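Read the fold from the whole down to its contacts. Keep the chain letters in view as you go.

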Amino acid sequence: MSQLLQIENFTLGFPGRPPLLDSVSLQVDDGEAVALVGESGSGKSLTTRAALGLFPGGSEFSGTVSVQGLDTLTAGKQRLMELRRGHASMIFQDPRAGINPVRTVGDFLTETLVRFDGLTRSEATERAVKQLEQVGLRRAKELMDQHPHQLSGGMLQRVMIAAALLNSPDLLLCDEPTTALDVTTQAGIVRLLREEQQSRGMGMLFITHDLNLAASLCERVYVLRRGEVVEHGPTRTVFLTPQQDYTRQLVEATPVIEVGGLGAPVAAGSPLLQVSGLTKTYQLPRGDVITALDDAGFSLPEGGSLGVVGESGSGKSTLARLVVALETATSGELTLRGVPRPHRPLRASERKVLAKEVQIVFQDPYLSLDPRIPVGNAVADVFRLHQKQGRKEAKDSARDLLARVGIGPERFDARPRALSGGQRQRVALAKALAARPRLLVLDEATSALDVSVQAQVLDLVEELRDQFGLTILFVTHDLAVVSRICSELIVMHQGRIVEQGPTARILEDPGDDYTRNLIASRPRPLWDAEPVTA
Amino acid sequence: MTATEQVQATVMPGGPTHKRAKRPAVGPAVYIVKKLLALALTLFVASLAVFFSRFLVPGDPARFLLRGRSPKPEALEEITRQFGLDKPAWEQYLNWLGGILHGDWGRSLTYRQDVSDVLLGRLPTTLQLVALAAVFITILGLFAGIVASLNKGFGDRFILITLTAAGAVPPFVAAIALVALFSVGLGWFPSFGSGDGGLDRIWHLTLPALALGITYIAMVARVTRSSMNEQLLREHVEVATSRGLTRGSVVARHVLRNALGPILTVSGVLVAGLLVSSAIIERTFGLSGIGQLLVQSIDRLDFAVVQAIVMVVVAAFVVVNTVVDLVQPLIDPRIAAGTESR
């Protein structure tokens, strides 16, 4: 087998700073699928882009990155463009950002064909339509005239794949192509990529932070950490018997559905939160009515933990926002500790009372903390507002609480931008806990974090739950995360609750087709019994 | 679940996640009609403001016409009646508006001619001046903006500083500087008059148009630069590059094309300033356009002319901006029928 992509001792960095990539070496052979896994900031994207001769402006680099014998570090512009047009293609993470929104899908697909391959417009269109059909899109002819905003995320990613395959490349580079997609959509895209790679005999380099995904697609894997390859080898070997500590941590941190570890659901104490017939509809300016949440009903006992699982648009976030009164229900009852929620936006005084009962932690700690306020003050402010503590007392309380979530006193005066994502989410948790709530709502609170950080935050949540006797409502798209934290589970689809009950029961014996689909959509390693190309 | 089923599940755009009460999408025709109705309404409100503002100005136009001579009361009354100044305000307005709709803008007090004749004699000069300035603004503004955006570092900073300086220069200063350099110093362009038609006209109008446009060149260049800089960071530009497009194709098809929206919006708003500034330039270069006419007519309380000119300027502004609004959906299809955010 000939070597398709060969990277040797590739170092890249900006002058005067430590290198972002340090002597990276990896290879992809013809017809081979190779995964490059690592956490954010590990340099996966930089490595892959180098294969196309795309380097960040002002960077310095050395080593070799050769694709079919062409060294992209030294090749001229013309040779690079020929490489990009004919031999190597890349699929990007977010198709909605990656396809020009003001041009038609057809224009996106055919622009290189018409401009550089000398095809006429109709020939190019014909070829593009064929390619669209091949990647599983129906009504391909109509799609050609549509704009990206008229297509769903999954369809757009298929368009992106079609565009990458148009010139029958020998090397396909995939930069987290499913991260922006729902689990069930991801399963379809992964299957498609595997099929295409196998039938065309392409070499593929697949970047991901998700070990399960890497295992479901690739025979070999490279583990990248802070710009260095720490381990590589056959996927199965690396994942089942990792040699390096870092890889071991990564494998352990990767969430899997585990049913055994959960305690039995809390014996029905007095219900803390009771919801029945809860519905939320939105009226669009053009007269359309969107039912975001349809007739939801459940009850959450004091000290219990409830997971809400569903895809984007399933209404799970709407439910969370209704519970913390960020939204007002259109109809239905919501009772918290026996107090019914009024059907109108809350007054400021009511909100303050409610804030002592319920607190929420949002998905993205980069957005949910005020960048100007030092984190210690942010937490102390909550103590002053809700516990009526004095300035000094509040600071002491804040220091204690931050220490308990693992933020040392030396970070007390740091602003959020000086903290890592995991640290910020700890601060967000501390802010929520400072109000001493009974119910803590976590809205995708770990989705924006790396797997190792996610594992730490989940540990912390478990610990705090036991320490504070918290009741937890955990909203997420990830079944594995729920299986760790929550004893009760709600599965939502299109604004409706399709299934609810004890987590263990639902995961072992799902009663609804959608739940089954959701569980089956989780990526499975290639060496597992069920082949991916079903 | 087979592959095709998977796809079907994802096929409906925005689909299975929400239940929607189906309704026909708002067509482009409705959009255009709405914009045109807004245009008509704006012009109507503007006409009210333009007409009645005259009553806020002190001074009796009929008396002014007699230039300080003390007239016999009958003569004054005669003139007042002749120009319809004795009727109630609303009736005067209705007559005026009705006249405009028939192409009759009333009579000028000073010129003793129909306003439309006075105006038509001068409008072409101003329009040509503004049009030529617009050409300079488009070409030089876009060019400077594109060059600045694509040449980070020295080129960008040099152009930016030049633009800031140019933007701070008032039109009359620019006019004097240009005349000193190009007509007095180098003798390339005439410093006065509007010339005879054709090329001679363009030759005569070059310096005035440059003087008029210089501030706006700076503004358009800045908007172009920042709008392009924003687009250059977008992922779809990187995707285009990764597919082997040439730098030129990427810039033209994916950067500049997407940056056009904001540039056009700003340009539309600039039109009003251009028409108003033309008064100063016309005076400096001795062109007989409507700008100069406006200044004279205000001096002489020639309300019919003032009203007509202000109406023309307002109409030009509103029409240009309506056209900009109508063109926007063609540039960015997400704006059409308000689907941008959803």
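The paragraphs below go from domains to sheets to helix pairs.

This is a predicted model, in which local features need pLDDT of at least 70, side-chain atom pairs count only at pLDDT 80 or more, and totals for chains, interfaces and linings use all residues. Residues are numbered from 1 along each chain as its sequence is written, while chains are lettered from A and ligands numbered from 1 in the order in which they are written.

Start with the domains. Chain A splits into domain 1 (3-87 + 169-252), domain 2 (99-168) and domain 3 (271-520). These bounds come from an automatic or database domain assignment. Between domain 1 and domain 3 of chain A, the C-alpha centres are 36 Å apart. Eight residues from domain 1 of chain A and eight residues from domain 3 of chain A form the contact. Here two residues are in contact if their C-beta atoms, placed from the backbone, lie within 7 Å. On the side of domain 1 of chain A that touches domain 3 of chain A, helix 8 (183-200) and helix 11 (245-253) of chain A each supply at least two residues. Helices (H or I, at least four residues) and strands (E, at least two) are DSSP runs, numbered from the N terminus. By class, that side of domain 1 of chain A has two nonpolar, four polar and two charged residues. Ala, Val, Leu, Ile, Met, Phe, Trp, Tyr, Cys and Pro count as nonpolar; Asp, Glu, Lys and Arg count as charged; the others, Gly among them, count as polar.

Now the sheets. One open sheet in chain A has four strands in the order 2-1-4-5, with antiparallel pairing. Strands pair if DSSP finds at least two bridges between them. Strand 2 (21-29) and strand 5 (70-71) of chain A are at the edges; each has a single partner strand, so one side of each is left without a neighbour in the sheet. Strand 1 (residues 3-13) and strand 4 (residues 60-67) of chain A run antiparallel and are joined by seven bridges. Look for A:I7, which stands opposite A:V65 in strand 4 of chain A.

Another open sheet of four strands in chain A has the order 12-11-14-15, again with antiparallel pairing. Its edge strands are strand 12 (289-301) and strand 15 (339-340) of chain A, and each pairs on one side only. Strand 11 (residues 271-283) of chain A runs antiparallel to strand 12 of chain A, with nine bridges between them.

Next comes a hairpin. Strand 9 (residues 220-225) and strand 10 (residues 228-234) of chain A are antiparallel and share six bridges. A:L224 has A:V229 in strand 10 of chain A as its bridge partner. Two residues lie between the two strands of this hairpin, and A:R226 in the turn has a positive phi of about 45°.

Turn to helix packing. Axes are lines fitted to C-alpha atoms, for helices over the stretch in contact, and angles run from 0 to 180 degrees between N-to-C directions. Helix 17 (residues 421-434) and helix 18 (residues 451-468) of chain A cross at roughly 20°, and their axes come within 10 Å. That makes helix 17 of chain A roughly parallel to helix 18 of chain A. Angles under 35 degrees count as roughly parallel, over 145 as roughly antiparallel, 65 to 115 as roughly perpendicular and the rest as oblique. The contact of helix 17 with helix 18 of chain A has seven nonpolar, four polar and one charged residues.

Helix 4 (residues 105-116) and helix 5 (residues 121-134) of chain A pack at about 125°, with axes 9 Å apart. These two helices of chain A are therefore oblique to each other. Residues in contact include A:L109 and A:L113 in helix 4 of chain A, and A:A124 and A:A128 in helix 5 of chain A. The classes are five nonpolar, three polar and two charged.

Finish in chain B. Helix 6 (residues 115-150) and helix 13 (residues 303-331) of chain B pack at about 50°, with axes 10 Å apart. That makes helix 6 of chain B oblique to helix 13 of chain B. B:V115, B:V118 and B:L119 of helix 6 meet B:A304, B:V305 and B:A308 of helix 13. This contact has six nonpolar, no polar and no charged residues.
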